[in-house]
Each structure stands twice: as C-alpha cells, then as structure tokens.
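Hello,

Here is the structure we talked about, with the sequence alongside. My notes on what turned up are below it.

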Amino acid sequence: IDGFHFLSYLSINRIGGILADDMGLGKTLQSIAWLLWLRERATSDGQALPLPSLVVCPKSVLDVWAAELAKCAPHLRIQVLHDKDELNLDALRGPLDVLVLNYAQLRGSIDQLQAISWLAVILDEGQQIKNPDSKAAKAARQLRAGNRPVLTGTPPANRLLDLWSLMTFAPPGSLGDRAYFHRHFARRKDDTATERLSARLRPFMIRRTKGQVAKELPARTEESMLCEMTGIQEQLYRDELARAQHMVLNASGFDALNRQRFAILQALTRLRQICCHPALVRHDAAAEESAKLTATLELIEELHAEGHKV
C-alpha cells in the first residue's frame, strides 16, 4: 500500500521516481495497481480512451508481467512483444492498453516507440540502464511519457553514477548534469556528500527491505557447498589458469598489463565458464561427457541384468 501511495504521489506531482524495494516485496503488483489508478484518473479527466502504457523489462520476466497483468487486471488488453517485428503502431493507436517488451527490443525499436505518447513508461530491473552511455539508457531517455517510474532492488549497483543514470530517466535534472553530480555528490573526501545525496533523493525514491516490510519472515540461511572438479573439467581449468598466470606474470610493467586487460578479463570469464560446465568453452567436451554418461548407464543395465544390486 505504501508503494502504491508513493507511485501515486509521484504522478500527482508530475515527477518520476524509483521504487527500490527488495526483490519479492511486490514491485510488479504495486505497479499494476498504480497503472489501474492512472487509467481511472485519466478517464475521470475526460479521456475517452486513456493512452497506452509501456513496460520495459528483461527478457526473462516478459511472461511474468503477462501473467501478473492477466491475473490482476484481466480487462486490460496486453501485448507482449517477443519479437521486435511484432511491433504494430496501428494497434497502439487502437485498442491496446499495455505493451510489454525487453531492453533489446527497446533499443531496436526506439525510432517507432519515441513517436508515441505513453500514459506511463515503467522500467523494470532498472539497473539495465545503469550505464548512462549505453544504448538502452539513451533509448529510454528518448521515450515520451507523463509518468516514468523505475523498479529496481539495487539502485546503485556498483558506483554512484548508476544512480545518476536512473535518475536522468525518472525525474530528469533532479541530480543535475554529470559534472554537477560528480562535483556535489560523488566526491569521496567530502564527508557530507552522502547526507546531501540522501536528502536530494528522499522525494524521489522509496527503499524498503524484507526486514522492514515482512518481519514475520525468518532470517535467511546460507549454506556453502564445495564441488570438486574432476576429469576433463579439472584439466581444462588447470590449463586455462596456467595460461592466465603466464600472461600476467610475463607482462613487463603496468602499461603492458593495462594493454592486456581485455585478455585478462576474457581469461577470468573462461575460468568461470569452465566451473559451470566444460562444454561452455569446448564443444567436444559435451560429447565426451555424454559418452561417459552413456557408458555408465550401459554398465548399470548390465549389472542389473546379471542380478547385481546397484
């Protein structure tokens, strides 16, 4: 209820903002309730047919939005854009209430999307535009909408500039331009910068943890389980690790190491991939693992046929 009231407060004051609740506290549900309120308000103001709304989210949650909208607002006409070729501007000018698409489709279809006036544009998992120079962030800023909330559980993911990028979409200008932001809020040696930034953000962002909202939930328990690598996976990992170590240790000086930084990042990525599954870096590894599994299953069948318990 507080989240819905916060979104309504933003709309009444004609500003955007960030709903930054922890994952699982119902940001999607709050947003759908707010969309229904917006449409009802637009109708009461004399609009025969309220403008459509746009939801931009990661590809993995497209169907989640579709399911939640169908459950909570079944009377709304929804289009989930799985392929950018499905975008139909005529439908948007007709009986369509909510369009749901992903960030890649936003980048690819921005020329068409920016030509439309939206009742609301919701950026779900807003950290997707944390890099202000990315194509997704630039495309989002071109959208025309009277209401522009951002949903994210991690407002500043890695650096304060992430937060500035989100705020340039939601309430543009609230944190100044990039130079102003660095000068007034991102200075590490300024002890009061954090307090000033918090004060500036207070009208535009609500942030709640599970402990604040759902106190009845038990504390999270964590268990670490170590999985030893064996066979081809272990060999691939050791070979890649040795290659990466040789590359780093033989770099002569900082400049040489800096020139190889992309190769080093690539090596780290390959090491993580090998830990997940060797087939991610070696296609023949998948066939080898499959052959081992087949041989094991055949052995089990033979032992069963001979009356052995396995």
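**A positive patch, and some notes on the model**

Arg107, Lys135, Lys138 and Arg141 form a positive surface patch. Patches are made of residues with over 30% relative accessible area and no salt bridge, with like charges joined within 9 Å and nonpolar side chains (Val, Leu, Ile, Met, Phe, Trp, Tyr) within 5 Å. Lys and Arg count as positive, Asp and Glu as negative, while His and the chain ends are not counted. The place of a charge is NZ of Lys, CZ of Arg, CG of Asp or CD of Glu. Accessible areas come from the Shrake-Rupley method with a 1.4 Å probe, and for residues only the protein chains shown count as cover.

Please keep in mind that this is a predicted model: local features need pLDDT of at least 70, side-chain atom pairs count only at pLDDT 80 or more, and totals for chains, interfaces and linings use all residues. Residues are numbered from 1 along each chain as its sequence is written, and side-chain values use heavy atoms, leaving out hydrogens and water.

Helix H7 (residues 135-142) gives the most to the patch, with three residues. Helices (H or I, at least four residues) and strands (E, at least two) are DSSP runs, numbered from the N terminus. Lys135 sits in H7 and is exposed, at 66% relative accessibility; exposed means over 50%, buried under 20% and partly exposed in between (1.4 Å probe, protein chains only).

**Salt bridges**

There are nine salt bridges, each a side-chain nitrogen of Lys or Arg within 4 Å of a carboxyl oxygen of Asp or Glu. One of them joins Asp21 and Arg208 at 2.5 Å, N to O. These two are 187 residues apart, Asp21 being in the loop between strand S1 (17-19) and H2, and Arg208 in the loop between strand S9 (205-206) and helix H11 (210-213). Asp21 is buried at 0%, and Arg208 is buried at 14%.

What does Glu240 pair with? Glu240 forms a salt bridge with Arg243, at 2.7 Å between the closest N and O atoms, and another with Arg270, at 3.0 Å. Glu240 lies in helix H12 and Arg270 in helix H14 (residues 261-276), so this pair ties together parts 30 residues apart in sequence. Glu240 is buried at 5% relative accessibility, whereas Arg270 is partly exposed at 28%.

Best wishes
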